[in-house]
Protein chains: 4
Amino acid sequence: MTSKLRVAMVGGGRDAFIGAVHRHAMALDGRYELVAGALSSTPEKSLASGRDLGLARVHADWQALLTDELRRPADERVDLVVIVTPNHLHFEVARAFVDAGFHVACDKPLVTSSAQADELVQLVSARGTAFAVTYNYTGYPMVREARELVRSGVIGKVRKVVVEYHQGWLAGALESGSNKQSAWRTDPARSGPGGALGDIGTHAENLLHTVTGLGLEELCAELSSFGPGRQLDDDASLLLRLTGGARGVLLASQMAVGHENDLRLRVFGERGSLDWRQEEPNTLIHSPLDEAPRRLTRGSAVLSEAARRACRLPPGHPEGFIEAFANLYTELAADLHAGTRSGDYPRVEDGARGVRFIEAAVASQGRWVSLQP
Amino acid sequence: MTSKLRVAMVGGGRDAFIGAVHRHAMALDGRYELVAGALSSTPEKSLASGRDLGLARVHADWQALLTDELRRPADERVDLVVIVTPNHLHFEVARAFVDAGFHVACDKPLVTSSAQADELVQLVSARGTAFAVTYNYTGYPMVREARELVRSGVIGKVRKVVVEYHQGWLAGALESGSNKQSAWRTDPARSGPGGALGDIGTHAENLLHTVTGLGLEELCAELSSFGPGRQLDDDASLLLRLTGGARGVLLASQMAVGHENDLRLRVFGERGSLDWRQEEPNTLIHSPLDEAPRRLTRGSAVLSEAARRACRLPPGHPEGFIEAFANLYTELAADLHAGTRSGDYPRVEDGARGVRFIEAAVASQGRWVSLQP
Amino acid sequence: MTSKLRVAMVGGGRDAFIGAVHRHAMALDGRYELVAGALSSTPEKSLASGRDLGLARVHADWQALLTDELRRPADERVDLVVIVTPNHLHFEVARAFVDAGFHVACDKPLVTSSAQADELVQLVSARGTAFAVTYNYTGYPMVREARELVRSGVIGKVRKVVVEYHQGWLAGALESGSNKQSAWRTDPARSGPGGALGDIGTHAENLLHTVTGLGLEELCAELSSFGPGRQLDDDASLLLRLTGGARGVLLASQMAVGHENDLRLRVFGERGSLDWRQEEPNTLIHSPLDEAPRRLTRGSAVLSEAARRACRLPPGHPEGFIEAFANLYTELAADLHAGTRSGDYPRVEDGARGVRFIEAAVASQGRWVSLQP
Amino acid sequence: MTSKLRVAMVGGGRDAFIGAVHRHAMALDGRYELVAGALSSTPEKSLASGRDLGLARVHADWQALLTDELRRPADERVDLVVIVTPNHLHFEVARAFVDAGFHVACDKPLVTSSAQADELVQLVSARGTAFAVTYNYTGYPMVREARELVRSGVIGKVRKVVVEYHQGWLAGALESGSNKQSAWRTDPARSGPGGALGDIGTHAENLLHTVTGLGLEELCAELSSFGPGRQLDDDASLLLRLTGGARGVLLASQMAVGHENDLRLRVFGERGSLDWRQEEPNTLIHSPLDEAPRRLTRGSAVLSEAARRACRLPPGHPEGFIEAFANLYTELAADLHAGTRSGDYPRVEDGARGVRFIEAAVASQGRWVSLQP
């Protein structure tokens with residue numbers, strides 16, 4: 001039993017949704033202990049939120065947190081800084097902590113421009129720190145199984161990928177009320193150039209990339225804002241041209257009434273296909289060419305080592321969203337304890353690719369746009 | 001009890017798939033009697049196929065059939081000519097019979113160019129004959145329910161439509177073998193300019209139009225041929241701009257391993273959404289904004305009159321493909337008996353719209369193309 | 001092409017549900033022609049119903065029909081008599097026509113006592129006529145596939161069978177209104193000793209037997225009547241002891257709100273299991289021991305000959321209730337044309353077994369009751 | 001923020017499945033800290049397992065743990081003892097700790113005889129300690145929603161309950177190998193009189209009781225052992241007579257190939273029904289009489305307060321098995337901090353009822369057996 005890793009959190013205070021998920025996920029396997037935080041956008045809320053959580057080191061803002069950590073002896077400093085603020089703050093916080101030599105886990109989208117993304121990628125490389133981007137859907141065991149099935153050639157060369165992420169919670173004009181989640185997500189100043197695109201489209205992009213290994217070469221995007229007075233897209237439909245000649249379709253919508261959090265990936269290859277849905281995450285359908293479809297389930301003995309390693313429970317005992325998140329944190333913990341960088345979690349480069357995806361989609365305006373490899 | 005309508009069939013002989021479906025569908029409600037035919041592309045096969053079916057009037061080709069009918073007294077002539085040949089023959093056969101005053105039911109896509117389509121539309125109008133296009137999916141009771149729910153305003157103004165039609169049967173190179181269905185569908189000379197686009201994409205287009213009432217204004221199409229040596233598209237992904245500002249996505253693929261005949265329509269409106277799948281045709285999911293989704297089933301008492309009229313059985317007794325086909329034929333029979341043109345089945349104009357859709361998609365080559373209203 | 005078989009129908013007039021289904025099913029493949037009928041319980045309704053259908057030979061009652069047929073020359077007589085009256089009339093009608101040498105198709109439950117059943121079985125044997133009982137669920141292609149998979153030993157020795165048939169349409173007191181279907185089904189004088197047991201429980205019993213080949217040795221039944229004032233069971237739960245040591249559970253309910261016509265069969269063997277649901281009849285789940293479950297679909301190339309022979313359409317084009325019915329009639333037509341008795345449809349013995357099942361279940365009163373082999 | 005509760009665990013060492021689940025569940029919300037343990041059946045494995053977990057107080061057996069705790073000052077003692085040993089040890093461990101005044105959480109089935117159960121119930125009552133039985137399925141938000149819907153009268157008086165729990169992992173003779181889970185579960189000396197009955201049938205019994213509030217009055221059980229040489233039942237089918245005249249069916253099987261952990265509850269009332277499956281735990285189907293079925297989802301705004309309180313995430317982000325477990329522990333933590341006994345988790349009386357259920361089922365041998373109220 002190794003000792004627990006000490007964690008500081010930036011963002012994730014009262015009223016925040018995703019900060020609590022990160023804390024649940026870190027708690028699940030007992031590898032982390034949250035000890036410090038600058039949890040909100042005002043000093044008062046930061047301090048109150050820290051007291052809610054019983055943290056030992058509570059700060060009014062992230063700059064104070066950084067200063068405090070740097071003056072502590074190295075063996076008292078936190079091992080990891082978790083950044084769960086609205087998007088527009090990711091860059092300066094991440095840059096400051098990486099520059100000071102801290103390991104970082106940051107939510108997606110990584111930053112709000114590809115210039116920022118490039119700078120961050122270079123800085124992480126220069127400092128040699130670990131940097132995880134919490135594209136949590138890659139933590140599901142059956143996503144890992146899908147990735148292994150593509151890599152191993154079971155479905156043959158990939159021809160087409162259809163990834164869709166449908167939500168309905170912004171079908172009304174939620175942001176005109178007091179809903180904190182919708183307020184910053186629909187505000188370009190805090191969210192960056194993408195609305196649904198940044199909030200959920202980047203998850204779809206990353207899932208496509210993680211499972212297939214294919215990159216985007218060109219895209220043609222149709223972005224729409226259906227909510228009255230809404231400045232950012234709440235609906236995005238994209239045609240994709242992928243490396244190696246494959247074609248793709250990516251749909252992301254937050255006004256799709258009747259869908260809750262319906263992320264689905266279909267990969268069609270020359271010799272088979274794969275179908276996975278986040279709302280039934282413990283199942284993956286594998287359809288071999290000319291054979292009956294097979295229903296693969298989390299935990300079963302026929303899965304790959306990579307998928308089985310991500311399971312905590314036997315088949316039929318459903319694991320979910322928190323567990324997927326926890327898988328990323330647990331892999332990261334192993335890296336941090338061992339000083340390695342080989343864990344199975346998304347990196348700063350994955351985050352950077354997501355930022356370039358958003359920029360290209362926003363620039364498309366219905367035309368085809370090329371992406372850098 | 002009215003007497004049965006006399007029918008002649010062109011195409012649909014030995015080895016044909018869809019001709020037999022038309023015959024089953026006509027038989028189902030006992031409103032039609034097949035009496036004449038020119039059933040295949042060669043005189044020998046035509047005659048042999050007619051004898052298989054025990055037809056009274058068997059002809060070597062459609063010209064002989066037409067000549068024979070015209071020399072009979074009016075009260076002995078067939079009431080309806082059903083055209084189920086490969087696509088490239090639809091036009092001349094349909095034109096000849098309409099011109100001679102016969103009612104016609106023709107399979108889709110209507111013809112292989114919009115010039116032909118326009119000519120046929122005008123001719124039908126001039127002659128005043130009934131002309132049904134067998135877009136059979138519109139015959140499903142729950143498709144009719146979906147159409148009623150849109151018309152009645154239950155889901156509010158339509159914002160987005162996602163229609164997908166995935167098949168996997170052409171994932172291999174089936175046409176290089178002896179498969180008759182794949183041979184003509186992958187041959188531009190017999191199929192017309194669209195591959196998957198014409199064979200199934202037009203069904204998707206027509207379903208979208210039938211349910212929402214919206215027309216296509218612009219489209220941006222990415223057509224691909226993944227099968228080795230294949231000349232026509234076997235995969236199509238389209239972005240659509242619809243009348244009234246709605247957006248759309250249309251996917252049609254015949255290399256999507258793991259899908260059999262997976263036509264699905266989702267309509268997202270301001271106050272709710274609809275979701276229907278052809279492989280579970282007896283169900284329609286209606287998700288009202290801010291309420292629990294409702295599972296509507298064929299035959300239930302809460303449905304509209306239009307949907308209930310298309311049901312033969314109580315809820316839970318699944319009806320399927322043949323019944324949907326039969327609904328079109330039964331509505332047509334009512335028109336033919338009554339001399340009216342008000343039945344609930346697709347018309348020549350619907351067929352013409354499908355042809356223009358194919359042409360525009362083929363012309364797109366990844367760019368946005370406008371369509372005539 | 002052989003000529004059509006001439007059919008007379010007893011019962012199935014105006015307001016009847018199942019008579020129309022039989023007519024649709026006979027029409028589907030074009031092998032039958034309905035020419036005569038005594039369609040209702042009163043002379044007036046019988047004559048009116050016959051005229052609705054445009055029948056050539058309409059009679060006031062079945063006795064008149066029988067007399068009329070017998071005085072015609074043999075080559076003008078009907079080839080088949082279809083009995084679709086309420087249950088209590090099956091026996092005398094069937095006995096009279098079989099005794100006169102006619103082939104018969106009769107709805108289930110066959111008769112209302114095992115004494116009647118035994119008499120009818122012996123009479124059919126003595127006369128050598130064909131006698132089909134329309135347990136229509138056995139006509140589904142995937143039920144036939146299930147039967148083949150059991151027979152071929154793919155799932156090993158059968159250990160347990162769970163068959164359930166849940167409907168909700170009698171959850172209220174429907175029979176107190178004008179609903180004709182519920183009126184006779186809840187009346188012991190017309191329905192016989194079983195309510196839900198006879199109406200749907202016998203379907204479940206027959207499905208179990210057809211697929212597994214196992215017989216009932218003992219049963220313990222709990223019958224309930226939840227509808228106010230209802231005399232017959234509307235809910236039945238049975239424990240079964242089957243031949244060969246297998247165990248079984250049979251549930252039949254007509255007050256199960258939320259279920260429409262939910263017949264489901266699960267067969268658990270030593271090396272695998274099977275799962276089929278009538279509301280999604282085109283699919284059969286086969287779970288081999290220690291492997292991923294396989295989703296078998298109607299029409300696919302991996303099916304047995306018996307299953308493929310019952311399909312009219314390729315995979316993904318759903319067939320349903322009428323088609324299953326039609327399969328029985330088509331197999332029967334082949335027997336009648338050929339003078340054979342080898343077709344794939346339920347026989348009078350199957351009907352007799354169902355009657356004994358009802359009697360044993362009614363006699364059980366919560367105790368174990370043995371059945372004759 | 002209150003301080004964490006100190007926990008000691010008995011059982012749950014290396015190779016154990018459920019001990020790790022309890023630890024994950026306690027970790028999830030950060031309310032517990034595991035500090036002491038006697039984790040296995042031999043001193044060596046106990047000590048090694050404790051070191052694996054980095055526990056401060058590791059003991060060779062539970063007696064040493066008890067002695068050690070009692071000699072510590074009260075403010076250093078553990079707040080809770082979690083018992084996750086094989087069934088046969090529950091009684092003496094639980095009795096000793098309760099007698100010494102400790103709060104206890106114990107896995108199910110509570111003990112192996114109703115005499116033990118009664119003694120334990122009385123002792124808990126006498127000592128006034130908290131005692132939770134980890135029937136974890138009651139922790140699912142949608143199970144709580146189901147309970148609220150029954151209590152509030154939405155589905156009317158309950159008429160019938162069908163609860164089934166199907167697993168397939170003991171279809172082969174797993175216990176003849178080295179599988180530790182199957183070894184003790186199939187051994188009467190360690191498992192008690194019930195096999196599948198005790199391991200999963202009690203979960204089904206408790207789920208039925210929790211949701212409907214109904215008790216068992218009589219049961220008729222058919223227990224079978226299909227595994228070669230197996231001494232305990234691996235398959236159980238029961239007819240139930242419930243308080244208030246309702247009827248029930250309870251199925252529990254561990255040789256049902258193709259099912260993983262398929263616990264399903266259906267409750268049929270006079271005005272509606274409920275349907276919940278553990279493998280899709282975030283959904284509950286509510287079918288009102290004469291209306292379209294409603295699909296209720298975890299986290300949605302239409303749920304009851306009791307259900308919403310058990311959710312950590314918004315709709316569409318699936319929660320699972322661990323979260324359900326955690327809900328029990330979190331409710332218990334609230335009781336322990338506040339000194340109350342009002343939390344929403346199963347009690348020792350629930351465990352005792354489960355033991356009486358097993359005894360009655362084993363005694364039934366196919367006959368009806370009455371249970372004490």
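Modeller: Start with strand β7 (residues 158-166) of chain B, which pairs with β10(B) in the parallel sense over 7 bridges. This is a predicted model, in which local features need pLDDT of at least 70, side-chain atom pairs count only at pLDDT 80 or more, and totals for chains, interfaces and linings use all residues. Residues are numbered from 1 along each chain as its sequence is written, chains are lettered from A and ligands numbered from 1 in the order in which they are written, and side-chain values use heavy atoms, with hydrogens and water left out.

Biologist: What makes β7(B) and β10(B) a pair?

Modeller: Two strands pair if DSSP finds at least two bridges between them; strands are DSSP runs of E, at least two residues, numbered from the N terminus. β7(B) and β10(B) have 7 bridges, so they are called paired. In one of them, B:E164 has B:L251 of β10(B) as its partner.

Biologist: Which strand runs antiparallel to β10(B)?

Modeller: Strand β9 (residues 235-242) of chain B does, joined to β10(B) by 7 bridges. B:R241 is the bridge partner of B:R247 in β10(B). The two strands form a hairpin with 4 residues between them, and B:G244 in the turn has a positive phi of about 85 degrees.

Biologist: Why is β10(B) called mostly covered?

Modeller: Buried means under 20% relative accessible area (1.4 Å probe, protein chains only). In β10 (residues 247-253) of chain B, 6 of the 7 residues are buried, so the strand is described as mostly covered.

Biologist: What makes β3 and β6 of chain B edge strands?

Modeller: In chain B, 6 strands form an open parallel sheet in the order β3-β2-β1-β4-β5-β6. β3 (57-58) and β6 (131-133) each have a single partner strand, so one side of each is left without a neighbour in the sheet.

Biologist: How do you know that A:E164 and B:R266 form a salt bridge?

Modeller: The term requires a side-chain nitrogen of Lys or Arg within 4 Å of a carboxyl oxygen of Asp or Glu. The N to O distance for A:E164 and B:R266 is 2.7 Å, so the pair qualifies. Between chain A and chain B the count is 8 salt bridges.

Biologist: How many residues does each chain bring to the contact?

Modeller: Chain A brings 37 residues and chain B 38, where contact means heavy atoms within 4.5 Å.

Conventions: Buried < 20%, exposed > 50% of the residue type's maximum accessible area, 1.4 Å probe, protein only.
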